[in-house]
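Visitor: Could you take me through how aromatic rings and helices meet in this protein, step by step?

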Amino acid sequence: MNLLDLEPKYADYQIQMRRLFHTCPEASTKEFETAKLIRAELDKMGIPWRECGMPTGTLATIKGARPGRTILLRGDIDGLEVTEKTGLEYASKNEGFMHACGHDCHISMLLTAGKILNDLRDRLSGTVVLCFQPAEEVGKGAAAMIADGALEGVDAAFGIHVWSDVPTGHVAVRTGPMMAAGDEFEIEVFGKAGHGAMPHCCSDATLMASAIALNLQTIVSRETDPIDTAVVTVGMLNSGTRFNVISGYAKLIGTTRCFKPEIRARFPEQLERIAKETARAMNGDAKLTYNALIPPTFNDADMAERVRVAAKKLLGENALYDYPPSMGGEDFANYQEKVPGAMCFLGVRNETCGAVYAQHHNCYQVDEAMLVKGALLHAQMAVDYLGLECQ
């Protein structure tokens, strides 16, 4: 059976769902309206579901007519704290929030795939689990769903991320590292406050924090093998209360990224040592809090090859796009630690429809015409993995 023949039947539903979810982005762990809408659609299809991991997590199950293996298809559902500036008629109605990373596409593609596979269930051998996962942007959703049994009986997992740097009509997938480990750190800096006109009587926490932010970059430039890849980013530096007061306290918040476990394991010691010694050199002190969030997204060789085969079936022999590993992080990696899995990037970049902005940009758009292919790719992976009785 050629799933491409089904595209006209489901294309309108795909776009309708994507636009619906685009209007109502919600914060990570608080995707209550999103979950309500997802569950209403599953009820319409007659697909059983249960709450999983968090109140906003949804795990649905499509059982084939015959026994067989089980594959989990995953779509994340949370929005971002971004104010939308696209001007679209279906732009976000939730002020200060936007689906600026394409999770509205992921929800709608998975729902559409569920609709396709539910229509084919009498010919399927095995089970498809639809995983509508919250809290990806904060790295907590996958772990919560796994802890609540999302992977019980699951043999393999597959996920799609729409990607603004991959041209429409193409799919990017790699064997091995696809995305980086992503952790969070917080450094508190303690000095001695005082009058801005009397710096000799103080220990300036703002100056210490600034020096720490600069010195942390030596982790990459001087403590990591140049052949390897690592990132240390300070995303926030807060200090001070007014123009003529030397601050006695500062806080830095940032992230680390890498692919190798041994590099990741060294980060806490390196961050703490540099922060403390820099602060002590300026008559202060520092304290590190390190939050290990997500491991590298590591694609299983067999599953990655299955993606290549499925993509060519749907998009032709030139479907594959060579895209390098990304330093972005994805908590889909948590599923891959438990079962063989693959994540791919679905190209949605298309200058003709204004889909040229990076993920997390307030003007982020996608080539909507490509999304039904993403839904079909979910379905194709499930059909190929489980087997479909020909009629």
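Guide: Rings of Phe, Tyr and Trp, the last by its six-membered ring, are paired here if their centres lie within 6.5 Å. The model is a predicted one, and by this rule the number of aromatic pairs comes to five.

Visitor: What kind of pair do W163 and Y323 form, stacked or edge-to-face?

Guide: Planes over 60 degrees apart count as edge-to-face, and those under 30 degrees as stacked. The rings of W163 and Y323 lie 6.4 Å apart, centre to centre, with 75 degrees between their planes. Because that angle is over 60 degrees, the pair is edge-to-face.

Visitor: Is F345 buried or exposed?

Guide: A residue counts as buried when its relative accessible area is under 20%. The value for F345 is 0%, so this residue is buried.

Visitor: At what angle do helix α1 and helix α3 pack?

Guide: Helix α1 covers residues 7–22 and helix α3 residues 103–119, and α1 passes α3 in a right-handed crossing. Among the residues making the contact are Y13 of α1 and K115 of α3, and K115 lies over the face of Y13, at 4.7 Å from the ring centre. The helix axes are 8 Å apart, and the angle is about 145 degrees.

Technical notes:
Residues are numbered from 1 along each chain as its sequence is written. This is a predicted model: local features need pLDDT of at least 70, side-chain atom pairs count only at pLDDT 80 or more; totals for chains, interfaces and linings use all residues. Side-chain values use heavy atoms; hydrogens and water are left out. Axes are lines fitted to C-alpha atoms, for helices over the stretch in contact, and angles run from 0 to 180 degrees between N-to-C directions. Helices (H or I, at least four residues) and strands (E, at least two) are DSSP runs, numbered from the N terminus. A crossing is left-handed if the near helix is turned anticlockwise from the far one by less than a right angle, and right-handed if clockwise. Contact means heavy atoms within 4.5 Å. Buried means under 20% relative accessible area, exposed over 50%, partly exposed in between (1.4 Å probe, protein chains only). A charge sits over a ring if NZ of Lys or CZ of Arg is within 6 Å of the ring centre and within 35 degrees of the ring normal.
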